[in-house]
Structures are given as structure tokens and as C-alpha cells.
Amino acid sequence: MTLLRRFLPPTAELCAFEAAARRQSFTAAADELSLTQSAVSRQIRSLETLLGADLFIRERQTVRLTAAGEAFAHEVRGALQRIATATLGFRANPVGGSINLGVLPTLGARWLAPRLPEFLAAHPGITVNLATRFEPFDLQASSLDAAIHFGADHWPGARLDFLMGEIAVPVCSPELKERHAFADPADLATAPLLHLMSRPDAWERWFDAMSVPVAEVHGMLVDQIVFAARAAVAGLGVAMLPTFLIEDELRRGELVLAVDCPVRSLGNYYLAWSPAKQDFAPLQAFRQWLLDQSRQVKE
């Protein structure tokens, strides 16, 4: 860290640069930061002197980032965001520590959130901050400590803990099932189908598992499980959904099995976390609790 300090510019210079890079204007950055335009210009010149290269191309009354400046701005913006997030987390919970967790929207709302009170009661000093995420990303370059991921057992730069698999079933509203008189898998080949963006080939795989030949599979496309569930409840089509995430709809009778033919989904759920957090006690406590919770899931 002693060596690194030689390469740490003053925070004021980084903030001035980030604002100017984002606004593409020293004047606009000065207005945003309540500084004079000349003060912003001096701070950026000082930063360029430290770096040994120009960050902006100055042309008459305009400025634009150099290619290297563009890359540097991306890194600086991420670093400043992480510092701001850490500060906010500390202020929210100065005694126990915070965990920033990326989570899939439906899993977070329907499975994780109802269970979190148990974790927080057992660890009253820890705060869990949730942010929805769909795709893998660089944990080391983000403010997240970990994320719950669905898919393959691979995430560059992260350690993965297997949480659980997933059993999916074709479900629809009782009225739709009665109207189409679904009786066997082949009946769904001509039914209105609902497709999840995160599982684009789920229906093809299901028909193949059921030995039902289909040329093409058409239907409505939705990006979240909760939307697919509500669309199915509304009678818009048959959805292929994980059983453990639609327990309420099945219990209330809003959804029924179009046909009783479950299949195991191709992906699994994993907790992805940064190796740098190996000794971060709040995350390791949450990790152990989450592993215990996942073992109780009836797929």
C-alpha cells in the first residue's frame, strides 16, 4: 500500500476529472462541483502532470477525452462509486458491517426476502443491501460483495458455491387449461406459450424431453419470472416456471399444471463472491446461512 500511495491522486482532482469527463465540459463540471472553471482546469492539469499524459484534447472552446482518458474515466468513476457506496454502508450500519448483494429479481423478492429476517435476527449488526442483477459482471470492479447467479458453474474472477438446482413445470390458469383441454405434452405444441429471456430454449428442451416433435416454438417473450407468472395467471399462455418460485400461485389455485410433466432446468443457482472477501466476516456469515437455507429447498 505504501507503493500505491505514490499513484493515488487527490480525491478533489479525481472528482473534477470524473465530472468533466461525464459532462464533456470543464464549465459544466465547475457548475456541478460549485467551483470556478479555472479551478477545475487546474485540477485536471495537475492530474495530467501526475499521469504524464493528457486526458483531454482541447480544441478552442471544447474538450473531449483521449482514448486513454476514456478508459481512465471508466476506472475512476467505478472507484469513486465504490467509495461512496462503502461510506453510505458504514453510515447506515457503523457497528456491524454491510453486505452488498446482487440478486435475481424474482428469487430476491419471493425466496430470499421472506427469509432475510431470520438472518438479520441472528446477526443484528449486519446490514444486507440488495441490488437486482441478471448477468455476471466483474465483482472486483463493482461495489457488490457477492451475487446469486443462475446458470453454469463458471464466473470469471469469482468463487462459486452451489446453492440448488431447479425443477420447472408447465403452468397456466385453470380457465386456459379447461378451454384447451390439455391432457398430454403434445397438446402444448399448439398452445400459446410464454418464454423467459433467461431461459430462451426451455420449451424446446421440454418438448425434446417429452419426445414431442415441434418445428418452431412461438409465443410471448418476457424478461422476468414474476412477469411470466402473472401473464400465465391472466390467461395469456402456458409458462415453464420453477416450482419453488410459484408456490403461492399454485397453492391459491391461480396456476395449475398444464400437464404434470416436470423437467430439471439446465442451470443451477450459485452464490458468486470475490476471493478478496475471504476474510470479510459479514459475508462469510451470510454465505453459511444461505447455504443452510438452500439445502431446505424442495426443488
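Colleague: How many of the residues count as buried?
Modeller: Of the protein's 299 residues, 44% are buried, where buried means under 20% relative accessible area with a 1.4 Å probe and protein chains only. This is a predicted model, in which local features need pLDDT of at least 70, side-chain atom pairs count only at pLDDT 80 or more, and totals for chains, interfaces and linings use all residues. Residues are numbered from 1 along each chain as its sequence is written, and side-chain values use heavy atoms, with hydrogens and water left out.
Colleague: And what is the radius of gyration?
Modeller: The protein has 25 Å, whereas a compact globule of 299 residues would have one near 19 Å; the radius is taken over C-alpha atoms, and the globule rule is 2.2 Å times the number of residues to the power 0.38. Along the principal axes, the C-alpha atoms fill a box of roughly 75 × 50 × 30 Å.
Colleague: Switching topic, how many helices and strands are there?
Modeller: There are 11 helices and 13 strands, counted as DSSP runs numbered from the N terminus, with at least four residues (H or I) for a helix and at least two (E) for a strand.
Colleague: Which residues of H11 are buried?
Modeller: In H11, which covers residues 281-294, the buried ones include Phe 286, Trp 289, Leu 290 and Gln 293.
Colleague: What do they pack against?
Modeller: The buried residues of H11 pack against several elements, among them helix H6 (105-122), strand E3 (98-103) and strand E13 (268-273).

Conventions: The expected span of a helix is 1.5 Å times one less than its number of residues. Buried means under 20% relative accessible area, exposed over 50%, partly exposed in between (1.4 Å probe, protein chains only). Contact means heavy atoms within 4.5 Å.
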